[in-house]
Amino acid sequence: MDPVVLFFLLGVIARLLKSDLKLPDALYETLSIYLLLAIGLKGGVELAKHPVAMVAPQAIAVIAMGLVLPLLAYPVLRFLGKFNTFDSAAIAAHYGSVSVVTFAVGLAFVIKQGVAFEEYMPLFVALLEVPGIVVGILLARTLAQGSARKKIHWGALAHEIFLGKSVVLLVGGLLIGSFAGPQGIDPMRGLFFDLFKGVLALFLLEMGLVAASRVTDLKRAGPFLIVFGIVTPVVFSMIGAALGRLIGLSLGGTTLLAILAASASYIAAPAALRIALPEANPTLSIGAALGITFPFNLTLGIPLYFEIAKRLHF
Amino acid sequence: MDPVVLFFLLGVIARLLKSDLKLPDALYETLSIYLLLAIGLKGGVELAKHPVAMVAPQAIAVIAMGLVLPLLAYPVLRFLGKFNTFDSAAIAAHYGSVSVVTFAVGLAFVIKQGVAFEEYMPLFVALLEVPGIVVGILLARTLAQGSARKKIHWGALAHEIFLGKSVVLLVGGLLIGSFAGPQGIDPMRGLFFDLFKGVLALFLLEMGLVAASRVTDLKRAGPFLIVFGIVTPVVFSMIGAALGRLIGLSLGGTTLLAILAASASYIAAPAALRIALPEANPTLSIGAALGITFPFNLTLGIPLYFEIAKRLHF
Amino acid sequence: MDPVVLFFLLGVIARLLKSDLKLPDALYETLSIYLLLAIGLKGGVELAKHPVAMVAPQAIAVIAMGLVLPLLAYPVLRFLGKFNTFDSAAIAAHYGSVSVVTFAVGLAFVIKQGVAFEEYMPLFVALLEVPGIVVGILLARTLAQGSARKKIHWGALAHEIFLGKSVVLLVGGLLIGSFAGPQGIDPMRGLFFDLFKGVLALFLLEMGLVAASRVTDLKRAGPFLIVFGIVTPVVFSMIGAALGRLIGLSLGGTTLLAILAASASYIAAPAALRIALPEANPTLSIGAALGITFPFNLTLGIPLYFEIAKRLHF
Amino acid sequence: MQTHPKKLLVIIGESALEKFLVRDIKQFGAHGYTIADVRGGGTHGTREAVWEGDRSIRMEVICDEAVAKKIAEYVLSVYAINFSLSLYFGDVTVIRGDKF
Amino acid sequence: MQTHPKKLLVIIGESALEKFLVRDIKQFGAHGYTIADVRGGGTHGTREAVWEGDRSIRMEVICDEAVAKKIAEYVLSVYAINFSLSLYFGDVTVIRGDKF
Amino acid sequence: MQTHPKKLLVIIGESALEKFLVRDIKQFGAHGYTIADVRGGGTHGTREAVWEGDRSIRMEVICDEAVAKKIAEYVLSVYAINFSLSLYFGDVTVIRGDKF
Ligand SMILES: Nc1ncnc2c1ncn2[C@@H]1O[C@H](COP(=O)(O)O)[C@@H](O)[C@H]1O
Ligand SMILES: Nc1ncnc2c1ncn2[C@@H]1O[C@H](COP(=O)(O)O)[C@@H](O)[C@H]1O
Ligand SMILES: Nc1ncnc2c1ncn2[C@@H]1O[C@H](COP(=O)(O)O)[C@@H](O)[C@H]1O
Ligand code: NA
Ligand code: NA
Ligand code: NA
């Protein structure tokens with residue numbers, strides 16, 4: 001287990017013991033802005049080195065996966081989990097989208113394992129944020145009955161999703177990184193690269209505090225969601241790993257795509273869905289994504305997905 | 001164009017597209033405190049290496065320039081621009097004073113060009129902050145008619161200007177840097193020097209968001225101010241470059257003095273003038289300084305001023 | 001005098017001159033969280049290298065000192081200073097506990113002197129935070145008369161003290177550092193180690209602003225407290241130095257233990273006592289700890305305690 | 001000094017609503033608003049503002065009684081079903097009656 | 001639109017009191033509260049919120065008059081001796097009377 | 001429980017005014033004040049608090065009616081011409097009447 005995960009545990013324990021420890025709101029914001037930008041920059045610098053013709057087909061395949069995952073999750077939630085249309089769609093959207101911080105921890109893990117990986121993977125993070133959310137909203141709006149079957153305001157929806165903080169910073173970082181190239185970014189590496197792991201540790205401390213505060217949500221959500229929050233990432237990781245192998249990713253890249261598939265969004269998705277799908281109860285989706293799946297991925301999931309990827313790269 | 005400018009563009013675009021991206025207020029404050037202190041420290045460390053007898057005459061010439069520039073701007077604004085006394089004086093004060101962030105971007109530019117420069121230039125930043133503001137206020141208070149011709153409270157005015165955040169941090173940094181010397185500051189270079197360019201990038205992202213939010217101000221201000229916001233820096237840069245040559249600065253130093261002359265204050269001046277000259281409409285001066293001159297200097301201005309300086313250093 | 005102390009002076013002067021300089025609340029919080037975590041991590045990494053059998057006896061001796069110091073301070077405050085039971089006990093608690101920032105400045109000092117020290121000293125910081133506070137509260141609650149002699153809610157008290165921000169972060173850092181070891185922490189050194197001194201400087205700037213704002217408190221507190229705030233750290237430093245020698249610490253370690261003994265808490269103690277001993281006037285204890293003892297230790301105290309330690313290590 | 005009676009409408013709710021509320025109150029004729037970041041608790045549980053989805057705002061609008069009522073009815077009907085939201089009215093007086 | 005009269009109780013005090021006040025108001029039957037970080041000054045001097053011990057909060061509780069009075073009496077008797085604390089009542093009206 | 005009627009004066013304006021307002025209200029006899037950082041919009045446009053010149057504060061003063069009126073008149077006459085500024089009065093009651 002990477003030491004950064006210990007910071008997450010510290011946060012969880014502090015909160016469960018009702019410690020007064022609290023990170024200022026502005027610090028939370030700052031750290032998340034930093035992580036998004038830094039990941040984008042890192043990916044952008046690498047992206048510039050690769051021909052579009054090579055990356056484009058992979059990108060399309062990855063987007064396709066982002067569209068399919070929520071479609072798999074929805075019926076399970078709706079018919080096995082007995083959640084209503086809105087909640088099922090919203091939870092599906094969270095699991096269809098991705099968690100940037102889980103990716104960052106995965107990155108640290110892959111680097112530590114010393115295996116090769118496609119350094120432009122942050123591109124896939126940006127690409128995977130959006131489709132899951134869009135499909136989730138479409139599901140809810142087309143399957144809802146009666147008055148709830150509102151028309152979708154496509155303009156407002158596109159705005160909410162594509163101009164949300166996380167997409168803007170990730171894509172902005174990717175573009176700046178690929179325009180500026182390694183030499184252009186080099187004078188900024190003191191901030192954006194050298195501090196990365198430490199900032200990630202600090203952010204995980206905060207996420208531990210937040211995740212532990214969601215425990216009561218889970219009690220209300222019931223056992224089905226807890227099981228769902230563990231089984232879904234494992235199943236999705238296999239899909240991600242298989243696709244990674246299929247599109248020719250290296251072992252590290254396959255692991256990271258598995259991690260992305262397994263991760264559930266808790267920055268972009270909650271923000272967009274609160275506006276686009278207010279009928280859904282955010283307690284359920286955030287409780288599962290943050291209270292179950294995130295800690296699971298951090299501790300047991302990531303090493304497991306690495307094993308899965310290894311099997312495919314015998 | 002330096003990659004840091006891309007961050008500024010990202011901010012501008014995000015805001016114009018009405019993205020939700022917003023940096024926390026406390027981060028903005030923190031970054032500006034950092035930049036002021038870091039620039040001061042850097043200059044102070046270098047200042048300690050130079051004999052006062054060499055720097056003092058240059059300093060006096062630079063202060064003189066700071067007193068003259070607003071006197072040149074005022075009549076243009078008052079008689080060509082038809083602004084009232086207060087607004088003319090306030091805008092003149094902003095353009096007489098300097099922008100620390102423009103200087104920082106100029107520093108990055110000069111370093112990238114690989115030309116020599118006087119490393120104690122931050123001293124001139126500190127010296128140039130104040131005179132323009134004082135002259136602006138004097139202009140308004142002596143030229144205003146009737147009841148608006150209030151007595152100036154010199155004590156309060158001096159307090160407002162010399163004890164404002166930016167002067168205190170710049171001068172404080174200069175003093176600490178020159179007391180502590182290179183060896184004393186060395187253990188802090190991890191924070192104050194290695195992160196400098198990255199922090200500047202982050203700050204420019206924020207400034208892009210702010211500058212773009214001033215676009216509506218400009219509409220109200222009219223075309224004259226837009227032209228003024230581009231012509232003034234070019235003209236002032238020539239004065240700055242000429243003075244730089246005259247007082248014996250190197251090519252890099254000349255470029256930086258041109259940049260300082262061309263830049264318009266948007267930290268120290270707005271704060272001081274809001275108190276000392278409340279009759280002036282801040283929308284006009286900040287709209288021009290931040291909405292026009294700052295972006296112009298960042299993108300086209302700085303390379304142009306470098307060319308001008310080169311002509312003088314054939 | 002270490003250059004970081006110049007930042008403290010800058011803060012003091014800025015505040016006394018009524019400058020507008022103010023660090024955002026969230027920055028203050030962030031810096032203090034950083035310092036506590038970084039000190040903990042640093043100590044934890046070193047702690048892992050030493051056998052428990054060696055450190056444990058030292059730790060017990062140090063805790064014992066933490067229990068004794070407030071018992072020495074109390075009668076002086078109560079009978080010489082004529083403070084009431086609550087105020088005497090509260091001030092004694094502050095001086096029995098320790099100041100993490102004073103320790104950090106001491107660390108920088110010892111490193112600069114180039115003398116050896118036990119790198120697991122942060123363990124002693126964590127151990128010394130609590131006993132002084134507990135003894136102070138016990139003193140007040142057992143010696144108070146009449147209705148003020150309330151029962152102590154041990155559970156609530158333990159919670160308040162052991163789960164306060166500073167103990168959680170210090171101990172959390174120690175544990176993470178010793179679990180992860182040097183290699184685990186290495187990728188985070190960019191944030192937690194390389195920036196340490198710079199962050200300390202920034203924090204001292206803030207502490208200068210805060211300390212100077214306590215000057216009016218001191219006027220109300222009277223001359224006795226001012227004398228107390230200088231004499232106590234000197235006397236306590238001797239006790240700390242003697243104990244350091246006794247338990248076999250090196251010259252640097254002895255100096256640091258003297259510094260710890262001499263320092264007065266202004267993060268953990270005020271927070272815990274405001275809840276556990278609300279009858280005490282916080283103006284007195286914080287005024288003395290922050291307005292007198294902290295600046296004294298920073299400027300004159302630390303070099304003096306080094307001299308004392310040297311005498312014992314002839 | 002002449003004063004004019006006005007209504008103070010206070011809306012406390014999830015910060016995700018901010019931009020919609022600003023748009024709405026203008027549409028109903030309010031001339032201004034003031035927003036503070038807050039935390040709190042109510043029938044929808046505790047909102048501690050430790051995290052983006054967990055932030056709340058307190059919006060204060062001074063306006064004519066009729067405007068306040070229209071805003072309140074709209075806000076309750078549109079947002080209160082799905083969002084944490086509280087709302088109350090107070091009586092205030094102002095000096096510059098046409099400003100509000 | 002039917003409105004119901006309620007009391008607004010505002011408590012301004014040291015932020016160290018936050019968790020106790022939240023516990024107390026619930027015990028006396030209030031259904032919710034809203035807290036903002038503030039700075040200020042009063043008979044106990046200036047509190048500028050530059051530093052942990054120096055922070056203040058402003059807590060707002062909408063409730064029935066009887067509840068407001070009980071909370072106020074308790075808070076004054078327990079905390080006001082040792083803490084910087086101010087407290088006042090206002091009259092407000094709400095639409096969903098049983099929510100508060 | 002005996003309560004005393006007081007005036008609540010709320011001033012919302014540019015944060016550059018903070019130190020002057022604090023000085024002024026004391027001069028007119030107010031015993032205390034509470035300030036929160038806010039954002040908002042009004043006749044002088046939107047103030048989003050994203051930037052130093054763009055910040056606003058909300059100051060709350062509990063005092064006697066006469067004091068409130070004097071402060072309000074002074075503030076309006078001195079600052080309202082050149083600064084974004086709003087101001088309103090409310091009626092409140094307090095328990096410790098001589099504290100305010
Ligand atoms: N009785 C109350 N007094 C003051 N604020 C309240 C009250 N009830 C709710 N609130 C605020 O309104 C928000 C939403 O309320 P609710 O929808 O009841 O959860 C809460 O988070 C509180 O900030
Ligand atoms: N007259 C007042 N008007 C508004 N707020 C007040 C008033 N008096 C006190 N306060 C607030 O209540 C806090 C505690 O008051 P005090 O105990 O009088 O120092 C102060 O720090 C202010 O924030
Ligand atoms: N009708 C209103 N209701 C609440 N707050 C207002 C109102 N009008 C103005 N304000 C606040 O007062 C500040 C200054 O107002 P103004 O001078 O009208 O721009 C605004 O930025 C708002 O924060
Ligand atoms: Na996923
Ligand atoms: Na200039
Ligand atoms: Na001590």
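**Close-up views of the predicted model**

**View 1. The sodium site in chain B.** Along the sequence, the residues that donate to the sodium ion (ligand 5) follow the spacing Y-x1-S-x162-L-A-x1-S. Everything shown in these views comes from a predicted model. The protein donors here are B:Tyr95 (O), B:Ser97 (O), B:Leu260 (O), B:Ala261 (O) and B:Ser263 (O), at 2.4 to 3.2 Å from the ion.

**View 2. The sodium site in chain A.** Here we look at the sodium ion (ligand 4), which is coordinated by A:Tyr95 (O), A:Ser97 (O), A:Leu260 (O), A:Ala261 (O) and A:Ser263 (O). These donors sit at 2.4 to 3.2 Å. Read along the chain, the donors of ligand 4 are spaced Y-x1-S-x162-L-A-x1-S. A:Tyr95 is buried at a relative accessible area of 0%, and A:Ser97 is buried with a value of 0% too.

**View 3. Ligand 1 sits between chains D and E.** Zoom in on this one and you can count 18 residues around ligand 1. The closest are D:Thr43, D:His44 and D:Ser86 from one chain, plus E:Thr34 and E:Lys99 from the other. The backbone takes part: a polar backbone atom of D:Leu85 is 2.9 Å from an oxygen atom of ligand 1. On the chain E side, a backbone N or O atom of E:Tyr33 lies 3.3 Å from an oxygen atom of the ligand, while a polar backbone atom of E:Ile62 is 2.9 Å from a nitrogen atom of ligand 1. How much of ligand 1 does the protein bury? Taken alone, ligand 1 exposes 480 Å², and the protein buries 99% of that. As for the elements that give two or more residues to the shell, chain D supplies S2 and strand S5 (85-94), and chain E supplies strand S2 (33-42) and strand S4 (56-63).

**View 4. Ligand 3 lies between chains D and F.** Around ligand 3 there are 18 residues, and D:Thr34, D:Lys99, F:Thr43, F:His44 and F:Ser86 come nearest. Side chains are the thing to look for in this view. In chain D, an N or O atom in the side chain of D:Thr34 is 2.8 Å from an oxygen atom of ligand 3. Over in chain F, an N or O atom in the side chain of F:Thr43 is 2.7 Å from an oxygen atom of the ligand, and a polar side-chain atom of F:Ser86 lies 2.8 Å from an oxygen atom of ligand 3. On its own, ligand 3 has 470 Å² of accessible area, of which the protein covers 99%. Which elements give two or more residues to the shell around ligand 3? From chain D, it's strand S2 (33-42) and strand S4 (56-63); from chain F, it's strand S2 (33-42) and strand S5 (85-94).

**View 5. A:Lys82 and B:Lys82, each with a positive phi.** In general, most residues other than glycine have a negative phi. A:Lys82 is in the loop between helix H3 (52-80) and helix H4 (85-96) of chain A, and it counts as exposed at 66% relative accessibility. Phi of B:Lys82 is likewise near 60°. You'll find B:Lys82 in the loop between helix H3 (52-80) and helix H4 (85-96) of chain B, and B:Lys82 is exposed, with a relative accessible area of 67%.

**View 6. How chains A and C are related by rotation.**

**View 7. Two pairs of chains without contact.** Chain C and chain D do not touch, and their nearest C-alpha atoms are 13 Å apart. No contact joins chain B and chain E either; their closest C-alpha atoms lie 13 Å apart.

Key:
Residues are numbered from 1 along each chain as its sequence is written. Chains are lettered from A and ligands numbered from 1 in the order in which they are written. This is a predicted model: local features need pLDDT of at least 70, side-chain atom pairs count only at pLDDT 80 or more; totals for chains, interfaces and linings use all residues. Side-chain values use heavy atoms; hydrogens and water are left out. Copies are superposed by least squares on the C-alpha atoms of residues with pLDDT of at least 70 in both. Donors are N, O and S atoms within 2.8 Å of the metal (3.2 Å for Na, K and Ca); water is not among the atoms, so sites may look incomplete. Buried means under 20% relative accessible area, exposed over 50%, partly exposed in between (1.4 Å probe, protein chains only). A residue is near a molecule or strand if one of its heavy atoms lies within 4 Å of it. A polar contact is a pair of N or O atoms within 3.5 Å; within protein, one must be able to donate a hydrogen and the other to accept it, and residues adjacent in sequence count only if both atoms are side-chain atoms. Accessible areas come from the Shrake-Rupley method with a 1.4 Å probe; for residues, only the protein chains shown count as cover. Helices (H or I, at least four residues) and strands (E, at least two) are DSSP runs, numbered from the N terminus. Contact means heavy atoms within 4.5 Å.
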